[in-house]
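Me: Please examine the structure shown below and answer a series of questions about its architecture and side-chain contacts.

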Amino acid sequence: MGRDSGEAGSAYPHEYRATEARPSPLTSTLTEVCGSDSTPEGLRMLLLGALLLLLALPSYGQDTMQGPPLPKGACTGWMAGIPGHPGHNGTPGRDGRDGTPGEKGEKGDPGLVGPKGDTGETGITGIEGPRGFPGVPGRKGEPGESAYVYRSAFSVGLESRVTVPNVPIRFTKIFYNQQNHYDGTTGKFLCNIPGLYYFSYHITVYLKDVKVSLYRNDKALLFTHDQFQNQNVDQASGSVLLYLEKGDQVWLQVYEGENHNGVYADNVHDSTFTGFLLYHNIE
């Protein structure tokens, strides 16, 4: 610094004259900032300010100074400092407030169909709803095969008044016996189709009283009694529904001896015995 001062002192007249002859932009700037003191002390201060300014400026050859001009009188005792280190990062600030919700976006494309889930448990049966209106009748079906009709029937009568008590009455006049389920030689009907049967009889009574019963398998089930009136022809009748198994037999028979054997028949009076199947029972 002393050498700089001595050199500045020995070269002072020359530099001063040069300054007066052609002031440099740097001298003009320092003179404008520090004032125009022409004394040796003022020149030294001017030179010192110039050196410090050169150290602070990024380039010496600039024609004009950047930034606002320094205030007058600010160079007295002034020295630029060394740039400091960058400071530490500050503490992160608090989270800002939530922004305003944006507008609803457009509906996205449907996703892929997932796998079928397991079948759930059966729910509780709900209350039965109201009955609906009758539906439209369907079309008439095709004719089916004709069903098999079970037939069993007979209708027979007496050809003469000759009858024997306590044995089956033999009706030999055949009105109908197509299935031959009635046997005229024994006077008995033999059941071939199990089911419900209807039996009836009509007896002409003449000369004696009549007691007639209907038998099934040697057991009397129905009884008919008629008293004969002198010089008169009377009638006795009866009917019954019976369920028969296959093999059962049914017939008519006079009971209590010859005094009650007034069963009669001739060419104008008939005594008849009839039976037929109502409902069959095939298991």
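Me: Is His 181 buried or exposed?
Reply: This is a predicted model, in which local features need pLDDT of at least 70, side-chain atom pairs count only at pLDDT 80 or more, and totals for chains, interfaces and linings use all residues. Residues are numbered from 1 along each chain as its sequence is written, and side-chain values use heavy atoms, with hydrogens and water left out. Buried means under 20% relative accessible area, exposed over 50% and partly exposed in between, with a 1.4 Å probe and protein chains only. The relative accessibility of His 181 is 12%, so this residue counts as buried.

Me: Where is His 181 placed, and with which residues is His 181 in contact, leaving aside neighbours within four places in sequence?
Reply: His 181 is found in the loop between β2 and β3 (182-183); strands here are DSSP runs (E, at least two residues), helices are runs of H or I with at least four residues, and both are numbered from the N terminus. Contact means heavy atoms within 4.5 Å. Leaving aside neighbours within four places in sequence, the contacts of His 181 are Arg 151, Ser 152, Lys 188, Phe 189, Leu 190 and Asn 192.

Me: What pattern does the protein chain follow along the sequence?
Reply: The protein chain contains four helices and 10 strands. Read along the sequence, their pattern is α-α-α-α-β-β-β-β-β-β-β-β-β-β.

Me: What percentage of the 283 residues in the protein chain do buried residues make up?
Reply: The protein chain exposes about 21800 Å², of which carbon and sulfur atoms supply 52%; accessible areas come from the Shrake-Rupley method with a 1.4 Å probe, and for residues only the protein chains shown count as cover. Of the 283 residues, the buried share is 25%.

Me: Among contacts between residues at least 6 apart in sequence, what percentage join residues at least 24 apart?
Reply: This value concerns contacts in the protein chain between residues at least 6 apart in sequence. The share that joins residues at least 24 apart is 71%.

Me: Which residue of β10 is the bridge partner of Tyr 201?
Reply: Strand β5 (residues 195-216) pairs with β10 in the antiparallel sense over eight bridges; two strands pair if DSSP finds at least two bridges between them. Strand β10 (residues 272-280) also runs antiparallel to β1 (residues 153-157), with five bridges joining them, and there Val 156 has Phe 273 as its bridge partner. For Tyr 201, the bridge partner in β10 is likewise Phe 273.

Me: Which residue of β9 stands opposite Val 205?
Reply: Strands β5 and β9 run antiparallel and are joined by three bridges. Both faces of β9 are covered, with Asn 261 and Val 263 buried on one side and Gly 262 and Tyr 264 buried on the other. Opposite Val 205 stands Val 263.

Me: How many residues apart in sequence are the parts that Asp 270 and Lys 173 tie together?
Reply: A salt bridge is a side-chain nitrogen of Lys or Arg within 4 Å of a carboxyl oxygen of Asp or Glu, and a search of the whole structure finds three. In one of them, the side chains of Asp 270 and Lys 173 meet at 3.1 Å, N to O. Asp 270 lies in the loop between β9 (261-264) and β10 and Lys 173 in strand β2 (residues 173-176), so the sequence separation of the parts tied together is 97 residues.

Me: What is the N to O distance in the salt bridge between Lys 211 and Glu 256?
Reply: Lys 211 in strand β5 and Glu 256 in the loop between β8 and β9 are 45 residues apart. Lys 211 counts as buried at 13% relative accessibility, whereas Glu 256 is partly exposed at 46%. Their side chains meet in a salt bridge with an N to O distance of 2.5 Å.

Me: Which side chain of opposite charge is nearest to Asp 248?
Reply: Asp 248 lies in the loop between β7 (234-244) and β8 (249-254), and its side chain forms a polar contact of 3.0 Å with that of Asn 217. A polar contact is a pair of N or O atoms within 3.5 Å; within protein, one must be able to donate a hydrogen and the other to accept it, and residues adjacent in sequence count only if both atoms are side-chain atoms. Lys and Arg count as positive and Asp and Glu as negative, while His and the chain ends are not counted. Asp 248 is buried yet has no salt bridge, and the nearest side chain of opposite charge, 5.2 Å away, is Arg 216.
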